[in-house]
Amino acid sequence: MHKEPLYSLKGKSVWVAGHRGMVGSAIADRLGKEDCEILAVSRREVDLRRAEQVEAWMERMRPDAVVLAAARVGGIFANDSNPADFIYDNLMIEANVVDAARRFDVEKLVFLGSSCIYPRLAAQPISESALLSGPLEKTNEWYAIAKISGVKLCQAYRRQHGCDFISAMPTNLYGPRDNFDLMTSHVLPALIAKAHVAKEERAASLDVWGSGLPRREFLYVDDAADAVVHLMKHYSGEEHVNIGTGVDLPIADLAQLVCDVVGFRGALRFDVSKPDGTPRKLLDVSRIAELGWRPRVSLEEGIERTYLWYLQNQAGPRVRAHVEA
Ligand code: GDP
């Protein structure tokens, strides 16, 4: 374990861009345990897609460090249906924040990417070096291209300007404040919402998109936030670093686990008219393990915590109507 951090957060001001999102809010919570000041700004005040607004905010606040967790995100359906939004919004957010961070002398920046930056058929588990070694998965290539550009931006600013900007690549994340809207969500929150409604309605079965065969790795968002803070403190390098558990499972098994946690006892029905997406994306997490970090929350416990949050914040007539639609 590293005792002395490479970068100390003590007494620093840290801007969490995207603090209202699932990941950004978990990072802001986690930074609350460090001796630092957290800066945040609403989307209404600063549209991160507009360079002049980002610059004005940076000039005013002068953060010492930045966590770039703001992004347009969505599941397989949202990505595929709104390619322009996914590529434009993400490119603009990254370019504006990274460039302003250099101009206003930010000491440390962490850019958050996603495991979908890797080639569709990358060797498993996927090591950091697999980036740009083959064609991308088509259903989310717009988002992936934007996120790859974010990694490259950090590398380029590090090379040309000596900026200590790093990138973290988390696997599929889930947890409280996730998006449970069935048309735009990722699989895990979608299954929680579906299983909850199916249980309430005493339905005979629950629809799972695709064949159930694709395998995915899931990391609880508080673990991801802890990993990001760990990297901020203990990593400085050009190559991005994977964040994950190193364990994956088929979507069918995930669906069963969610049903068990939620208490839905009906059957699973696989809707093969929906896309499977990439067959597998398991991250090689040996790099971050070497840096002294590992996850703490099991998948079952994470799903339990997420379901509890859902029950307290989301479950209700609005969700039910949507699921039925
Ligand atoms: P991906 O990891 O980028 O493919 O994004 P998703 O989390 O949206 O999908 C992961 C896998 O879960 C894909 O094979 C989906 O077809 C499958 N899946 C099964 N049921 C659902 C569902 O209700 N919603 C979503 N988004 N995916 C589902």
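**Reading strands, burial and overall form**

Tutor: Strand S8 (residues 215-216) and S11 pair in the antiparallel sense over 2 bridges, where pairing requires that DSSP find at least two bridges between two strands. This is a predicted model, in which local features need pLDDT of at least 70 and side-chain atom pairs count only at pLDDT 80 or more, while totals for chains, interfaces and linings use all residues. Residues are numbered from 1 along each chain as its sequence is written, and side-chain values use heavy atoms, leaving out hydrogens and water.

Student: Which residue in S11 is the bridge partner of Arg216, and what is the order of the strands in the open sheet?

Tutor: Strands of a sheet pair through backbone hydrogen bonds, either parallel or antiparallel. Here the bridge partner of Arg216 is Leu249 in S11, and the open sheet of 3 strands runs in the order S11-S8-S13 with mixed pairing. Its edge strands, S11 (249-250) and S13 (280-281), each pair on one side only.

Student: Is Ser185 buried or exposed?

Tutor: Buried means under 20% relative accessible area, exposed over 50%, and partly exposed in between, with a 1.4 Å probe and protein chains only. Ser185, in the loop between strand S6 (172-174) and helix H6 (187-200), has a relative accessible area of 6% and is therefore buried. Leaving aside neighbours within four places in sequence, Ser185 is in contact (heavy atoms within 4.5 Å) with Gly75, Asn179, Phe180 and Ala190.

Student: How many residues of helix H1 are buried, and what covers them?

Tutor: In H1 (residues 22-31), 9 of the 10 residues are buried, among them Met22, Ile27, Arg30 and Leu31. The cover includes strands S1 (13-17), S2 (37-39), S3 (65-68) and S4 (108-112), together with S6 and helix H7 (221-234). Across the chain, 54% of the 325 residues count as buried.

Student: What radius of gyration does the chain have, and what would a compact globule have?

Tutor: The radius is taken over C-alpha atoms, and the globule rule is 2.2 Å times the number of residues to the power 0.38. For 325 residues a compact globule would have a value near 20 Å, and the chain, at 19 Å, agrees. The C-alpha atoms fill a box of roughly 60 × 40 × 40 Å along the principal axes, and residues 24 or more positions apart account for 82% of the contacts with a separation of 6 or more.

Technical notes. Helix = DSSP H or I, 4+ residues; strand = E, 2+ residues; numbered from the N terminus.
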